[in-house]
Amino acid sequence: MMQEHKHIIEQLEKYIQQKNIAEITQLLDGLHAADIAEILDDLDFDDALFIIRLLDSEITADIIAELDDDLQEKILENLSAKEIAEEIEELETDDAADIIAELPEEKKEEVISHIDDKEHAKDIVELLRYDEDTAGGLMGKEYIKVNENWNVLHSVAEMRRQAEEIDKVHTIYVVDDHDILKGRLSLKKLLTTSTKTPIKEVYNDNIHYVKVSDSADEVARTMQKYNLFVIPVVDELGTLVGQITIDDVVDYIKEEAEKDYQMAAGLSDEVEEDDKLWEVMKARLPWLIVALLGGFASVIVLSGFGNAMNTYGTLFFFTPLIAATAGNVGVQSSAIVVQGLANGTLSGSIWKRLIKEILLSLINGIILAIILLLVGKFLLGHILTGFDMKMAATVAISLISVIIFASLIGTFVPLFLHKRGIDPAVATGPFITTSNDIFGIYIFFTIAKLILGF
């Protein structure tokens, strides 16, 4: 939190206690909605709700849209349907739809019924039909369009009329009589062309677009590839139905990155630092249970080689090395595959990818095995009783085998999950680590049994 915010919070708490409305409004006057949202996040809930009710809807609507999800939910729970509708009317359709989507079904319908601007309400209802992780779920209905059959003079007049209802004009779209997207209009061309010139003679038909059913990932990749800050959305017939701005895509990417990071860390649900104890526990416990079951499996595997422990007790000291290497290699391989799937850079067949991983793992394994043999010869032989070059070779061969196996599992599992429509980020967490620990130990003792003969 910035130092000036800390000072404002201290002042706000004092003025709220004194019910000094004039000082409160003056203190917040001129601040950006995002800054006020940060300040409200650090206030007591009752004080935050007091300020939301105090300020004008024109600013509080943007503040609510910027709030932390948990605080936003609590604020909305304490506002009536009419109060929420008043806030919603001040927001662009995409932000309004995002907020309404989080409400209970009954309250959702009640809020929509209280929106005075029926066209605005209709647009919001349309957006609520789309899945939130699609282009339709990201798009807004605020955009400017002109007909290809109009001339420049008529288009300018129509653009002025449409712009009265829109806060920001990003681009001008050109459509035909059936609202089919044809291209975009350059502002420079508009200013330097005769007012009688038909739009069809000056618009640019080279335009990138996405369909309403395209995934949010595809939208993000398209906008990144072509360096776009706004992209139009069309339906199955090519009709212009909305546009997506870069801020919505950045928000989506941030949410997905946080979700994948938490999943990779072994959290089954999205949690935050200030969530309730029960919510945090529910998010962590499932994967901890998986890890515990994996630990039991490791115990069972080790118990099957009890005779080896009695005869070659030194092998026991290398089980953490083998298990840790297997887990690390698996996570590295899966992380690269998941990243490639996420940004669309993963190409070629699965078999080519697996062959590449085998070669890479073989090289890495040989290098690590050589290091192990050298350390074994000059150091471990003096520290561990019974550790000779035969046992060092056993561990080295096991290490190479485990690295190859773990990299294949780390590559194949996320690809398999992706093919089945499951988020492959799950593969980079405890699932890969635990499974590779188990198989790594099994491979180690199986090879030791073959070489050492117990």
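How many bridges join strand 2 (residues 172–175) to strand 3? Four bridges join them, and the two strands run antiparallel.

## Basis of the model

This is a predicted model, in which local features need pLDDT of at least 70 and side-chain atom pairs count only at pLDDT 80 or more, while totals for chains, interfaces and linings use all residues. Residues are numbered from 1 along each chain as its sequence is written, and side-chain values use heavy atoms, with hydrogens and water left out.

## Chain overview

The chain has 21 helices and six strands. Helices (H or I, at least four residues) and strands (E, at least two) are DSSP runs, numbered from the N terminus. Of the 454 residues, 44% are buried, where buried means under 20% relative accessible area, exposed over 50% and partly exposed in between (1.4 Å probe, protein chains only).

Among contacts in the chain with a separation of 6 or more, 66% are between residues 24 or more positions apart. A contact means heavy atoms within 4.5 Å.

Three strands form an open sheet with the order 1-2-3 and mixed pairing. Strand 1 (144–147) and strand 3 (181–185) stand at the edges with a single partner strand each, so one side of each has no neighbour in the sheet. On average, neighbouring strands of this sheet are turned by 35° against each other, direction ignored. Strands count as paired if DSSP finds at least two bridges between them.

Strand 2 and strand 3 form a hairpin with five residues between them, and Asp-179 in the turn has a positive phi of about 65°.

## Helix 4 and helix 6

Two packed helices are described by the angle between their axes and the distance between the axes. The axes of helix 4 (residues 45–54) and helix 6 (residues 69–77) come within 11 Å and cross at roughly 65°. Axes are lines fitted to C-alpha atoms, for helices over the stretch in contact, and angles run from 0 to 180 degrees between N-to-C directions. Helix 4 and helix 6 are therefore roughly perpendicular to each other (65 to 115 degrees; under 35 is roughly parallel, over 145 roughly antiparallel and the rest oblique).

The crossing of helix 4 and helix 6 is right-handed, that is, the near helix is turned clockwise from the far one by less than a right angle. Phe-45, Ala-48, Leu-49 and Ile-52 of helix 4 make the contact with Leu-71, Lys-74 and Ile-75 of helix 6. These residues divide into six nonpolar, no polar and one charged. Ala, Val, Leu, Ile, Met, Phe, Trp, Tyr, Cys and Pro count as nonpolar, Asp, Glu, Lys and Arg as charged, and the others, Gly among them, as polar.

## Glu-201

Glu-201 lies in the loop between helix 13 (187–192) and strand 4 (210–211). With a relative accessible area of 60%, Glu-201 is exposed. Its C-alpha atom is separated by 8.4 Å from that of Glu-148, 53 residues apart along the chain.
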